[in-house]
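Let's take a walk through the aromatic rings of this protein. Have the model open and follow along.

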Amino acid sequence: MDNKWWKKSVIYQIYPKTFQDTNGDGIGDIPGIIAHLDYLEELGIDAIWLSPVYCSPQEDNGYDISDYQDIDPIFGSLNDMDRLIAEAKKHHIRIIMDLVLNHTSDEHFWFQEALKGKDNPYHDYYVWRDGVEGCPPNDLTASFGGSIWQWVPELGQYYMHQFSTKQPDLNWSNPKLRQALYDMINWWIDRGIEGFRLDVIDHVGKVPDEKIMVNGPKLHDYIREMSASTFGKAGLVSVGETWSATPETALLYSNPDGSEMSMVFQFEHICLDQDPDGTKWDLRPLPLLQFKEVMNKWQTELHGKGWNSLFWDNHDLPRIVSRWGNDSEEYREVSAKMLATLLHGMEGTPYVYQGEELGMTNIPLPSSIDAYKDVETMHAYRVLKARGWSEEKILQSLCAKCRDNARTPMQWNDGPQAGFTTGTPWMPVIPNYTTINAASQVHDEDSVFSYYKKLIHLRKETPVMVDGAFEMLLPEDEEIFAYHRTDDSQTLTVICNFYGNERRIDADSLVPKGSRLLLSNYKDMEGADLLRPYEARMYLK
Ligand code: TEU
Ligand code: CA
């Protein structure tokens, strides 16, 4: 087994805006993260992936950067950032920053300069096409609404934006732009940043005239050049966000020679609970057999040749316990633990999104769109209205899938605003904070928090969890997700009842003789052949 630290590690994602506010303005900040390093060390995580804290007008909560080399005052200062890096180190926690390199904010100095004229040195940092008003170069549409082309009358040109109009795309075919980005990355490495998460990195090789947005012909050249100039050269961890990844491309991205990135986030499993011909708003139940096939494919095809990341949640996704578990009072904890077991037993680097370790839930079904704030949610609302959907149907769909679900304040305790702020939080706290909160879980041996803690520690102590080969068991079973991980000396067996029915199994045929039970989400077993609702077990031989 190679010694890359991130192969044995668990990474924790923080969305700073809703983690902890310390100055009463209702917005989470960097001092708030520092205040919880003890909590994170207790959980046992090795690194924090910090969503953007750079200067930003916050059109897309920081994924629209106006200055890469400064901290937005709402989050603190560069001083606070240096302090976070230093304090985290004392807690044996590395800081991984989010790099948004496909686009900037329209308020970035480069874009402001670019607007001044076609011969401005920064003009070619962005993607422009000459034209006439009302006739965009093509009909591609942007993720957050409208055409990807935005008209600038003063220049007689369109600029391209794949996300909001306030997020102009950078022109990666310009070597000067690429060098400016690498210089910026190295500036952060010199400050002590130990890794990067690369936002929509599969988009940077776009060729808009050919309508190629992802996997452009130069994409891997660009990534290799960037890696060799920055994080790869420094031997740091890197994870690319690649919605378009297949096992084939993931093997390039995560080539063990380190020429591109350490790993990528792939989203094939995340897209299974939607109509295959529709969007994520076209809901359908998760087809378990297909889900098993997809997980099996990724586990087996990358084994020994690439590296997976493992995740259920992030700041763009609904909460997993509400999505594929069961967030009723009766089954919330047990189903959250089952999903954790299923994921953490696999090969790859697990990511835990803030609050997932407490079994935090989605926002309850709202009575109006006013409950939501996200730019994507607002756009979806308009699109679904235009499709003729009823208000009720739209709200149901948004409730199940919208990104706001992940962005409610972290539930620290049962006091006012869940302990997140002494002021008015920018996003309302979910009312269930009185029962679901960190204070009540940290010292409770049976809590979801303690269960995550055990899983995180098991990965460090159990080599087969890191590099064992994956074998799916009962591939045709429509209720049970079970697998082996095997290396030369150990076999790990994971058995999960994915649903709320009791199920009989033949445990002897699944669990090698001589295995011992490492972990289970029920206190005592009622016979090895009976799986209760959402029961999960992990055995080791
Ligand atoms: O997300 C990539 C992206 O394509 C998202 O729009 C994603 O498809 C959507 O959230 C799922 O419905 C990244 C960031 O993670 C996201 O927060 C940003 O809004 C986006 O890039 C633009 O930077
Ligand atoms: Ca604050």
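How many aromatic pairs does the structure hold? It holds 35, where rings of Phe, Tyr and Trp (its six-membered ring) pair if their centres lie within 6.5 Å. Keep in mind that this is a predicted model, where local features need pLDDT of at least 70, side-chain atom pairs count only at pLDDT 80 or more, and totals for chains, interfaces and linings use all residues. Side-chain values use heavy atoms, without hydrogens and water, residues are numbered from 1 along each chain as its sequence is written, and chains are lettered from A and ligands numbered from 1 in the order in which they are written.

Start with Phe 291 and Trp 324. Their ring centres are 5.4 Å apart with the planes at 65 degrees, so this pair is edge-to-face (planes over 60 degrees apart; under 30 is stacked, the rest tilted). Phe 291 belongs to helix α8 (residues 288-302), while Trp 324 is in the loop between α9 (320-323) and α10 (332-344), so the contact ties together parts 33 residues apart in sequence. Helices here are DSSP runs of H or I with at least four residues, numbered from the N terminus. Phe 291 is buried at 0% relative accessible area, and Trp 324 is buried too, at 6%; buried means under 20%, exposed over 50%, partly exposed in between (1.4 Å probe, protein chains only).

Now hop to Phe 498 and Tyr 499: with centres 5.4 Å apart and planes at 70 degrees, they also make an edge-to-face pair. Phe 498 is buried at 2%, whereas Tyr 499 is partly exposed at 27%.

Notes: Helices (H or I, at least four residues) and strands (E, at least two) are DSSP runs, numbered from the N terminus.
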